[in-house]
Amino acid sequence: MVAAKPRFSDFIAVTDHLSFRLDQSSAASALQRHAAAIGTRTLREAFEHDEDRFARFSCASDGLLLDYSKQQINAAIMLELLALADEASLQTGIDSMLSGELINFTERRAVLHCAARLFERTPVAARDEISATHKRLKEFVTRIHQGDAVSATGRRIRHVVHIGIGGSDLGPRLLAEAFAPSIPQRLELSFAANIDPTEIEAILQRANPEETLFIVASKSFSTAETLFNARTALAWLTSALGKDADISRHFVAISNNVAAARDFGIMADVIFPMPEWVGGRFSVWSAIGLPLMLAFGTDAFDEFLAGGRSMDAHFASAPFATNLPVLAALLGIWNATFLGIDSHAMLPYSHRLRSLPSYLQQLEMESNGKSVDRSGKQVRWQTAPIIFGGPGTVGQHAYHQLFYQGTRKVAFDFVVPVCAAPSPATLSLIDNALAQSAALMLGRTLGEARDELRARGVDENEIERLAPHLVCPGDQPSTTLLMPAITPFSVGQLLALYEHKVFVQGWIWGINSFDQYGVELGKNMARSIENGANAKRDGSTLGLLAAIKGMSGT
């Protein structure tokens, strides 16, 4: 019998973390001075005085184009932001992550989601581990597609229900929406995340128990919401097929807790591991991609991985001045930490990317929503902003009003897919994206408001009354990312870009982007309430529980 290989994380030393602190940085001091000096200088004026601003503040890589000319920056500010990256030894950080050092220093883990997409600069042992899992996944997918793995009644599997939450749900859900319109779908695919039974019950109402496979995705196999939905599915199958049916044929698991999955009734040969060095919000490249392989085929998933590797190669080797993730991260630091902009809107101009804002909410806010640095001390600077958003043009008829005339500064990312020979509707969508970014930057002056009203034939008294209400201050900073038509490859590039952005920001802010102890507090509190423990209950919670008891009659 061949001895098992040691896990990759068993033989990697802990990174000797750097002593860099943002509040002791000379580049940061210079950036503070630049921020204070901006004053009333507007982006409108910047474009009026610099015809080459777009050429100077945009760059491209492998089909993607990043235009950051509408950010509140100039050449001097960009030089200091790049100096900040150098001062923070960012290249050392990139090399440490790719080599497998334990940059997740609180949990003493490597951070190797790049290895999950088989990027060649990551350690061979990590890639071997992933490759072995990919082989098993592809063999299982082939058995399902060819009808060799069938249900308890001998029927072919035609419907896959993926049960997970957080990173185990958001990534596959986003990719399924992105892939579905252009890639032939082999199997129907549904997602159940919410502990509210309404979601899974709606799926079960339209599903055929003789043709349905459930994927239970939980690294620990202890996630409350996931187990609730898995037990609901188990009860539904048992009721429909009978207690003597081989229900195990209807379940697979993505988990490291093999014993718990086996206790649930899932066979060992269809329990697929997710390495400890792949965090949930970075896990879509791992076995968490199984529902996508089943629905769209393994070739599509391989293309997705290739897109991620393309961005990995760019991130690892491109100079910082032309490095898309590094630039995106530095601009985010400039806005949040130095300009005090605490909100960032993600605006994908594609219905197929409608879940991108939700995906990036978790990626950025769970990663960099931290206030303690490497040494355990409170940081004295703003870290992650609030991420929100939605697909264009839907948001234009909802919350964009605040962007134009509200009292808050907001930063924006416009994500705009550009396909070959676009339809008139697609061209209109693209035009709207460009118009929004331009209008938010330019605004509308009082004089322009008066001129518009005069052009409508409004009399002068009414003009003076109405004109102030038409003024839009403008000067809202934005970045526009143009990407090729939505394919698995381009979506892989997109998600890897934002992953690397998150890492760069965490490294420079001096925080750990790869733990989430705050989330655990909420989970523990929920367990405490469920178990009836009164310890740590505040007066509000006790009062609400009493009111709920009265309203529900329990």
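This is a predicted model: local features need pLDDT of at least 70, side-chain atom pairs count only at pLDDT 80 or more; totals for chains, interfaces and linings use all residues.
Three cavities of 30 Å³ or more were counted. The largest cavity has a volume of about 100 Å³, and 13 residues line it. Those closest to the centre of this cavity are Ala328, His344, Asp413, Thr479 and Lys501. By residue type, the lining of the largest cavity consists of six nonpolar, five polar and two charged residues.

Three elements each supply at least two residues of this lining: helix 14 (324-338), strand 11 (478-484) and helix 20 (488-509). Helix 14 gives the most, with four residues. Helix 14 is 15 residues long and spans 20 Å from its first C-alpha to its last, close to the 21 Å expected at 1.5 Å a residue. The helix is mostly covered, with 15 of its 15 residues buried. Just after helix 14, glycine 340 adopts a positive phi of about 70°.

Glutamine 436 belongs to helix 17, which covers residues 424-442. The relative accessible area of glutamine 436 is 10%; because buried means under 20%, this residue is classed as buried. Leaving aside residues up to four places away in sequence, glutamine 436 touches Tyr349, Gln396, His400, Tyr404 and Phe414.

Open space was considered next. The largest pocket holds about 1200 Å³ of space. Its lining comprises 42 residues, and Thr223, Gln516, Val519, Glu520 and Lys523 lie nearest the centre of the pocket. Four helices each contribute at least two residues to the lining of the largest pocket, namely helix 8 (167-179), helix 10 (224-241), helix 15 (356-368) and helix 21 (517-530). The largest share comes from helix 21, which provides seven residues. In an α-helix there are 3.6 residues a turn, so residues three or four places apart point the same way. The lining of the largest pocket divides into 16 nonpolar, 15 polar and eleven charged residues.

In summary, helix 14 is the main contributor to the lining of the largest cavity, whereas helix 21 supplies the largest share of the lining of the largest pocket.

Terms used:
Residues are numbered from 1 along each chain as its sequence is written. Side-chain values use heavy atoms; hydrogens and water are left out. On a 1 Å grid over the protein atoms alone, a cavity is a set of points where a 1.4 Å probe fits but cannot get out, and a pocket is an open set with protein on both sides within 12 Å along at least five of seven lines; lining residues have an atom within 4 Å of a point. Grid points are joined across faces, edges and corners, and a volume is the space filled by probe spheres set on the points. Ala, Val, Leu, Ile, Met, Phe, Trp, Tyr, Cys and Pro count as nonpolar, Asp, Glu, Lys and Arg as charged, and the others, Gly among them, as polar. The expected span of a helix is 1.5 Å times one less than its number of residues. Buried means under 20% relative accessible area, exposed over 50%, partly exposed in between (1.4 Å probe, protein chains only). Contact means heavy atoms within 4.5 Å.
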